[in-house]
Amino acid sequence: MTSHVPNEARVIPLRPRAQRPEAAPAAPPVAPERRRPAAREPLWRDLVGDVLRRERLAQERTLKEVAETARISMPYLSEVERGRKEASSEVLAAAAGALGLGLGDLLARAQGELVRLAARHAGPGRGPSGARYDGMCLAA
């Protein structure tokens, strides 16, 4: 048995074809209003990374030395210092220990930075709710 139906696929476009006027060239799209982005609160990983880097530089040690002492890879430690990676508590403890700090010391310094930057972000000594921030809270 043979079919007399032509061997062609039926194509249904997902989007209708745009009508282009021949006479007038297309106008460039209007750029959205450029606004200055609102200041964002600092991320914990950025703060911890900054503390690690500042301490390492204050001790005049290289990234390689600290990474070898902490037994973590040098590229990973670099990513942590730059705030690109959210390090585990084990990695943070190892990096802090390699710098002669305890994990609590590292986190306390990062918390101090957070309070300082949050105060600048929210106003003098008060958050948006009017409550004062005097403690540290970590959640996993």
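A salt bridge here is a side-chain nitrogen of Lys or Arg within 4 Å of a carboxyl oxygen of Asp or Glu. By that rule, Arg53, Arg56 and Glu81 are linked in a network of salt bridges, and a search of the whole structure finds six salt bridges. Please note that this is a predicted model, where local features need pLDDT of at least 70, side-chain atom pairs count only at pLDDT 80 or more, and totals for chains, interfaces and linings use all residues. Residues are numbered from 1 along each chain as its sequence is written, and side-chain values use heavy atoms, with hydrogens and water left out.

**Salt bridges between helices**
- Glu81 and Arg53 meet through their side chains at 3.0 Å, N to O.
- This pair links distant parts of the chain, with Glu81 in helix H3 and Arg53 in helix H1 (residues 44-58), 28 residues apart; helices are DSSP runs of H or I, at least four residues, numbered from the N terminus.
- Glu81 counts as buried at 3% relative accessibility, while Arg53 is partly exposed at 29% (buried is under 20% relative accessible area, exposed over 50%, partly exposed in between, with a 1.4 Å probe and protein chains only).
- Glu55 and Arg109 form another salt bridge, at 2.7 Å, N to O.
- Here Glu55 sits in helix H1 and Arg109 in helix H5 (residues 103-122), 54 residues apart.
- Glu55 is buried at 16% relative accessibility, and Arg109 is partly exposed at 40%.

- The side chains of Arg116 and Glu113 pair at 2.8 Å, N to O.
- Both residues lie in helix H5, three residues apart, about one turn of the helix.

Terms used. Helix = DSSP H or I, 4+ residues; strand = E, 2+ residues; numbered from the N terminus.
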